[in-house]
Structure formats: structure tokens, C-alpha cells
Amino acid sequence: MQNNKTLAALLACMALFVLFSGCILDNFGQGGKNLTQGQNNQSTGPAIVGPQPPMPGEKPVDVSNYRPDNENRRKIVEVLQTYSYEDESSFSGVNSLLNMSPEAADDAIWLLQKDNVYSRWTALYMLSNMGPGAQGGQRQKIVDALKPMLISDVASFRAMAGKTLLSMGEKDGFEGEISVLGDNQRMMLSEPMELKCQYANAALARFSGQDFGFSCDLQGVDEAAKKKWEEWWQQNKNRLAWDGQKRQFVGG
């Protein structure tokens, strides 16, 4: 009898564990914190991503193996340690890293090479500030680091890298933005909230001077205007040239 009671208790605990695990997966999705749901179950909350749901108290970035070897990298690690799943405003600490000049590009690239989405997001944020003013070898380092991000499986990274490359006069950035036009979810950690398709369209219009009347919201994307952007790129990518005074591509 005692064994039967013990077995029944064990089975009950297992059932509760499965139910609790299911709730975590439903609430956190692919490794983020709880997302606020809008109409049609579209996410309007923090676009925090990762490989698995965070455990209670887990930090977004484990810096134990980062081993910073200069002052810039020590400062970067200090900021990463302040990030918290429980407080999205903690990610605004990235702003304290924006005073680093393009000469610190190696340190941002060091961070971009880490296998953590929040580290890479931070690095892309830093490089977006460094890129437009970078010269010579530092400029080329940034370009070389950003171009592989145009095929990242994280759409926000493609959008961020694409916009930075466009601001540097690198037309390959158009591909990054166009690839995001069909994604009507929130840009990672954007505040105020901006959808990826909105971010991409704004960058495309700013650096091309074109306007195809594209719009998108949580309910959908203007597929006809999206196709016009795709066609424009295919027709004009070989003749676009950077106008340094306008800080815009011309010839398209």
C-alpha cells in the first residue's frame, strides 16, 4: 500500500512538472522572456531571443569565458553583466558603449564573434555608431565583420547590419534590408517598438531615395510594394553609386 501511495505521488509530481514546462515554453517562446500578445496572437512585446527558455535568475550573457584583455573590453563585459531578462530597460546600458570611437572597432568585432545573441546585438549596436565615421583599415574591418551578418538567421541582425553598411556606402546592405521586409515582428529590443519590416523600409527609402509606398503592421505586409523593392534592387544593383554629399545611393 505504501509503495502504491509513493508511486501515485511520483506520477502526480511528474504531471505537474510537464505542465509547468509546457507553460514556460508557451510563455517564453524561443528563449525570450514573456511576450505581450497583440491581435491575432502577434507578438508586440520584447523581441528577446535565445536557444532555450531562460531559467529563473539566469543572465542573458554568461561572461565567464570572455576574458577581456583591455579597458574597452572590460567596460563591454561590465555592461553585459547588467542585462536582465526580468528588466528589459537593463539593455539600455548599451548606450554607455557608444562613446567608443572607430578605433575601438576590434573590440566590438571581438564581441560580435561571441556565440550569444545579446552579445552580438550589443556589438552590432556599437558598430552602427562606429561605421559611418570609420576610415581606412578600421572601416574595412567593420565592413568585413558586418557582411556575414547579412545572411544571419536572426532577422534583426540582418536589418541592423544592412543599415550600417548602407550608411557606410556599401550597397550590399540593400540585400539585408530587403530580406527583412516580409517580417512583421518587433525588432530585437527596439524601444519604442518598431517592426522589422518598418525598420527595413525606412532604411531602404533613406539610402535609395525611392518610395514604393510600402507599409506593414502586426496584421500583415504590403506584398505588392515588397515585390517592387525586390524588382528595383535586381534592376539597379549594378549601377548604384554612393553620393558622399547626399549620403545616399544614386543612379537607381
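Colleague: At its relative accessibility, does I76 count as buried or exposed?

Modeller: I76 counts as buried, because its relative accessibility is 0%; buried means under 20% relative accessible area, exposed over 50%, and partly exposed in between, with a 1.4 Å probe and protein chains only. This is a predicted model, in which local features need pLDDT of at least 70 and side-chain atom pairs count only at pLDDT 80 or more, while totals for chains, interfaces and linings use all residues. Residues are numbered from 1 along each chain as its sequence is written, and side-chain values use heavy atoms, with hydrogens and water left out.

Colleague: Where does I76 lie, and which residues does I76 touch?

Modeller: I76 belongs to helix 2 (residues 71–80); helices (H or I, at least four residues) and strands (E, at least two) are DSSP runs numbered from the N terminus. Contact means heavy atoms within 4.5 Å. Not counting residues up to four places away in sequence, I76 touches L97, M100, D107, W110, L111 and M126. The C-alpha atoms of I76 and A108 are separated by 8.6 Å, although these residues are 32 apart along the chain.

Colleague: What surrounds W121, and which backbone oxygen does its side chain reach?

Modeller: W121, in helix 4 (residues 117–130), is buried, with a relative accessible area of 4%. Leaving aside neighbours within four places in sequence, W121 is in contact with Y83, F91, V94, F157, M160, M188 and L189. A polar contact is a pair of N or O atoms within 3.5 Å; within protein, one must be able to donate a hydrogen and the other to accept it, and residues adjacent in sequence count only if both atoms are side-chain atoms. The W121 side chain reaches the backbone oxygen of M188 at 3.4 Å.

Colleague: Which backbone atoms does the side chain of S208 reach?

Modeller: S208 lies in helix 8 (residues 196–208) and, at 5% relative accessibility, counts as buried. Its side chain reaches the backbone oxygen of L204 at 2.6 Å and the backbone nitrogen of Q210 at 3.0 Å. Beyond four places in sequence, the contacts of S208 are F174, W229, W232, Q248 and F249.

Colleague: How many disulfides are there, and which cysteines does a disulfide join?

Modeller: A disulfide is a pair of cysteine sulfur atoms within 2.5 Å, and by this rule the count comes to one. C197 is joined to C216, with S to S at 2.0 Å. The pair ties together parts that are 19 residues apart in sequence, because C197 lies in helix 8 and C216 in strand 1 (residues 216–217). Both C197 and C216 are buried.

Colleague: Why do residues three or four places apart in an α-helix point the same way?

Modeller: An α-helix has 3.6 residues a turn, so residues at that spacing point the same way. In helix 9, the buried residues are A225, K226, W229, W232, W233 and N236. They lie on the same side of helix 9, because they cover an arc of only 120° around the axis; the arc is that of the directions from the helix axis to the C-beta atoms. A224, K227 and Q235, on the other side, are exposed. What covers the buried residues includes helix 7 (173–178), helix 8 and strand 2 (220–221).

Colleague: What is the mean pLDDT of the chain?

Modeller: pLDDT is the predictor's confidence in each residue, from 0 to 100. The chain mean is 83, and 78% of its residues reach 70 or more. Over residues 1–48 the pLDDT is below 50, and this stretch has 62 contacts in the model beyond near neighbours in sequence.
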